[in-house]
Amino acid sequence: MTIHIGAKPGEIAETVLLPGDPRRAKWAAETYLDNPRLINDVRGMLGFTGSYKGQPVTIHGSGMGMPSLSIYVNELIRDYGAQTLIRIGSCGAMQQSVRVRDVILAMTASTLSTPSRGVFRELNFAPCADYGLLRAAAGAAGARGVTTHIGGIYSSDTFYDERPDLQAQMVRHGVLGVEMEAAELYTLAARHGCRALAVLTVSDHLETGEALPPQDRERSFGDMVEIALDAAFA
Ligand code: HPA
């Protein structure tokens, strides 16, 4: 047990999928894993361990934002030995070429983030995905016929952003989309020698105002779970 995770030693798999929403963790575990069992519910942050094609997998909520994800990922890696961590979540698109429902595989994640700023100070560290996972996820998404974009994203500390100038610079520099967790996940994976990737469905478009209808969210989320599971064991 750790401060935020009630699982016993050995109850968390080396492969962990991380949706932001704990109820999505429950849905994904019950839908895609064999014999899923609840291994954490501290503060309502649900985690489940089961198996996929015979391989042990944990699906655990990360909460919203980098400070929340940082707590869970630190404990998953340092106390439970997680090795492969894949975020599955939504993002807002920033380029006209990216459409609602498309998948973005985040090759890099720019950030003004608070958790890592104290560590790197003046260094502009470049958080990046594990290449093997990225390549495998691109193959898995292609095999499913999911329109996929691979490139840089922005991990924001705010959902309700007050910096249109910063957004304009990111659009100008080809940033594909915005979410709130990947940069810290990539940084922690780098720090601890783990593999990480963020697989993101575009739920809304910052430039066009388009949004994914609620009835389509489950199918898009399912695509991400399958892409992440296939990439983890490729
Ligand atoms: N901003 C930050 N995170 C997000 C967004 C957004 O517009 N959409 C989905 N996740």
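The largest pocket is lined by 37 residues, with Ser-90, Cys-91, Phe-159, Ser-203 and Asp-204 nearest its centre. Strand E5 (84–93), helix H5 (164–172), strand E8 (177–179), strand E9 (195–205) and helix H7 (214–232) each give two or more residues to this lining. E5 gives the most, six residues. By class, the lining has 17 nonpolar, 11 polar and nine charged residues. The volume of this pocket is about 860 Å³.

This is a predicted model: local features need pLDDT of at least 70, side-chain atom pairs count only at pLDDT 80 or more, and totals for chains, interfaces and linings use all residues. Residues are numbered from 1 along each chain as its sequence is written, and side-chain values use heavy atoms, with hydrogens and water left out.

The second largest pocket has a volume of about 210 Å³. Its lining holds 14 residues, and Thr-111, Arg-117, Leu-123, Asn-124 and Phe-125 lie nearest the centre. Helix H3 (114–120) and helix H6 (182–192) are the elements that give two or more residues here. Seven lining residues are nonpolar, five polar and two charged.

Now the cysteines. How many disulfides are there? With a disulfide taken as a pair of cysteine sulfur atoms within 2.5 Å, the count is zero. The sulfur of Cys-91 is 18 Å from the closest cysteine sulfur, in Cys-128, so a bond is ruled out by distance.

Conventions: On a 1 Å grid over the protein atoms alone, a cavity is a set of points where a 1.4 Å probe fits but cannot get out, and a pocket is an open set with protein on both sides within 12 Å along at least five of seven lines; lining residues have an atom within 4 Å of a point. Grid points are joined across faces, edges and corners, and a volume is the space filled by probe spheres set on the points. Helices (H or I, at least four residues) and strands (E, at least two) are DSSP runs, numbered from the N terminus. Ala, Val, Leu, Ile, Met, Phe, Trp, Tyr, Cys and Pro count as nonpolar, Asp, Glu, Lys and Arg as charged, and the others, Gly among them, as polar.
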